[in-house]
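Some labels used for a protein model rest on cut-offs. The questions below take a few of them in turn.

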Amino acid sequence: MSDKKVTLCITSFDRFDLLKQTIDSFTALNTHPLERIVVIEDSTSLTMKDNIVQEFGDKVDLIFNEQRIGQAPSLDKMYNTVTTQYIFHTEDDYLYSGNSNFVKESIEI
């Protein structure tokens with residue numbers, strides 16, 4: 001199953017410390033290769049945008065909403081950029097620990 005391509009999609013709203021925790025804990029634990037990581041930021045905060053770019057650079061593809069559009073439209077906007085067979089969606093306030101095969105096992109389900 002490791003040939004199944006996955007995009008990690010993260011919705012975010014002006015909580016950089018939690019977003020960083022989510023990305024760091026996910027990437028440290030996950031053993032399944034990711035095609036890309038996409039973050040959509042809906043806060044319109046330029047400070048948040050700068051923090052994401054400064055911390056993650058080209059490790060994440062940032063979609064920055066210039067105007068707030070809400071979660072459901074943000075999901076549609078982000079998912080429309082995905083070209084992989086699978087999406088692993090998470091929010092900006094998750095802490096991943098435990099099973100390092102959780103993505104692979106999610107695909108198998």
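Q: What makes α1 a helix that lies across β1, β2 and β4?
A: Contact means heavy atoms within 4.5 Å, and helix α1 (residues 16–29) lies across β1, β2 (36–41) and β4. Helix α1 runs at about 160° to β1; axes are lines fitted to C-alpha atoms, for helices over the stretch in contact, and angles run from 0 to 180 degrees between N-to-C directions. Helices (H or I, at least four residues) and strands (E, at least two) are DSSP runs, numbered from the N terminus. The model is predicted: local features need pLDDT of at least 70, side-chain atom pairs count only at pLDDT 80 or more, and totals for chains, interfaces and linings use all residues. Residues are numbered from 1 along each chain as its sequence is written, and side-chain values use heavy atoms, without hydrogens and water.

Q: How do you know that β1 and β4 pair?
A: Two strands pair if DSSP finds at least two bridges between them. Six bridges join β1 (residues 6–12) to β4, and the two run parallel, so they count as paired. Cys 9 has His 89 in β4 as its bridge partner.

Q: Why do β3 and β4 stand at the edges?
A: The open sheet has the order β3-β2-β1-β4, with parallel pairing. β3 (61–64) and β4 (86–91) each have a single partner strand, so one side of each lacks a neighbour in the sheet.

Q: Why is Asp 14 called partly exposed?
A: Buried means under 20% relative accessible area, exposed over 50%, and partly exposed in between (1.4 Å probe, protein chains only). Asp 14 has 43%, so this residue is partly exposed. Asp 14 sits in the loop between β1 and α1.
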